[in-house]
Amino acid sequence: MPQWYEESFGEDYLIVYKHRNQQDASKEVEQAAKWLNLTRDDLILDLCCGMGRHSISLKRRGYQVAGLDLSAVLLKKALEQSEGLAIPFIRADMRTLPFVDGSFDVVLNLFTSFGYFKEDADNERVLSEIARVLKPGGRFLIDFLNRTSVEKNLVPESRRQVDGRWIKEKRWIEGDFVCKSIELSDERGKRTYQERVKMYDYEQLITMLEKYSLTCKQVYSDFNGEPYSPEGKRMIVTGCVKK
């Protein structure tokens, strides 16, 4: 049986998340650059780069970046949108990165691209791989959901129209997972996808990071730079690896 993330990140994903635009990515990259003190000499990995929004923003600012994702559809879109920028986009599983130890100065993991796996061991493998491919003292940023905020503010159902297609989204919590069912309706009929992200609270996430020598320096609630609080929208963790 294919996993949800193997089915959901296809052509319809480009429609569902069309509202996530390059302008948003540009703002997030600008803030990340400040937090991590990015330099033109840094080699950056955009881990789970999707359609390449953040990779493109980084490259346009003069940074050296490579993007990695599992979805062939999203990587194709990334290549199309980055034409002329010479960004390497690589297809691979984030649990098994195809790089030698200490390849990167910085790893970015944005837009809730963590917690995709049912087992903690698999999610921890992602953190282990981030630590492995970072150079000694290398920096990281993980942009993750805030469990407390999700549980408090979850919208059970919503409906919207994009390019003549109706999108109905249902959301619920199932144990430690926040789940979403996405139904698209158009002239082709109905298609349904599901997303399932394993939620970790602040203490759990920091403990997991430390297990793999990823030291947290600062946690923010949003890309405006608000410090983390249980009421905040996100958990944006910045830090470095100790080796």
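The largest cavity in this predicted model is lined by Ser8, Asp12, Tyr13, Val16, Ile182, Tyr193 and Glu195, and its volume comes to about 40 Å³. A search of the whole structure for cavities of 30 Å³ or more returns 1.

**Cavity lining**

- The residues that line the largest cavity divide into 4 nonpolar, 1 polar and 2 charged.
- Helix α2 (11-16) and strand β9 (189-198) each supply at least two residues of this lining, and the largest share, 3 residues, comes from α2.
- Asp12, one of the lining residues, also belongs to a salt-bridge network with Arg165, Asp186 and Arg191, which is taken up again below.

**Helix α4**

- Helix α4, which spans residues 53-60, is mostly covered, with 6 of its 8 residues buried.
- The buried residues of α4 are Arg53, His54, Ser55, Ile56, Ser57 and Leu58.
- These buried residues pack against helices α3 (22-35) and α5 (72-81) as well as strands β1 (43-47), β2 (64-69), β3 (89-91) and β4 (104-109).
- After α4 comes Gly62, which has a positive phi, near 95°.

**Salt bridges**

- The count for the structure comes to 23 salt bridges; in general, side chains of opposite charge can pair when their charged atoms come close.
- Asp122 forms a salt bridge with Arg125, in which the closest N and O atoms are 3.6 Å apart.
- Because Asp122 and Arg125 are 3 residues apart in helix α6 (residues 120-133), they are separated by about one helical turn.
- An α-helix has 3.6 residues a turn, so residues three or four places apart point the same way.
- Arg125 counts as partly exposed, at 38% relative accessibility.
- A salt bridge also joins the side chains of Lys211 and Glu124, at 2.8 Å from N to O.
- This pair links distant parts of the chain, since Lys211 lies in helix α8 (residues 202-211) and Glu124 in helix α6, 87 residues apart.
- The side chains of Asp186 and Arg165 meet in a salt bridge at 3.2 Å, N to O.
- Because Asp186 lies in strand β8 (residues 177-186) and Arg165 in strand β7 (residues 165-174), this pair ties together parts that are 21 residues apart in sequence.
- Asp186 is buried, with a relative accessible area of 15%, while Arg165 is partly exposed, with a relative accessible area of 21%.
- Through salt bridges that share partners, Asp186 and Arg165 are joined with Asp12 and Arg191 into one network.

**Nonpolar cores**

- The largest nonpolar core has 52 residues, of which Leu47, Ile130, Phe144, Leu209 and Leu214 touch the most other members.
- Leaving aside its neighbours within four places in sequence, Leu209 is in contact with Leu127, Phe140, Ile142, Leu214 and Val237.
- Apart from this core lies another, of 23 residues, among them Ala33, Leu38, Ile87 and Leu110.

Note on methods: Residues numbered from 1 in each chain as written. Predicted model: local features only at pLDDT ≥ 70, side-chain atom pairs only at ≥ 80, totals over all residues. Heavy atoms only, no water. 1 Å grid on protein atoms, 1.4 Å probe; cavity = no way out; pocket = protein on both sides within 12 Å on 5 of 7 lines; lining within 4 Å. Points joined across faces, edges and corners; volume = space filled by probe spheres on them. Helix = DSSP H or I, 4+ residues; strand = E, 2+ residues; numbered from the N terminus. Nonpolar A, V, L, I, M, F, W, Y, C, P; charged D, E, K, R; others polar. Buried < 20%, exposed > 50% of the residue type's maximum accessible area, 1.4 Å probe, protein only. Contact = heavy atoms within 4.5 Å. Salt bridge = Lys/Arg side-chain N within 4 Å of Asp/Glu carboxyl O. Core = buried A, V, L, I, M, F, W, Y, C linked by side-chain atoms within 4.5 Å.
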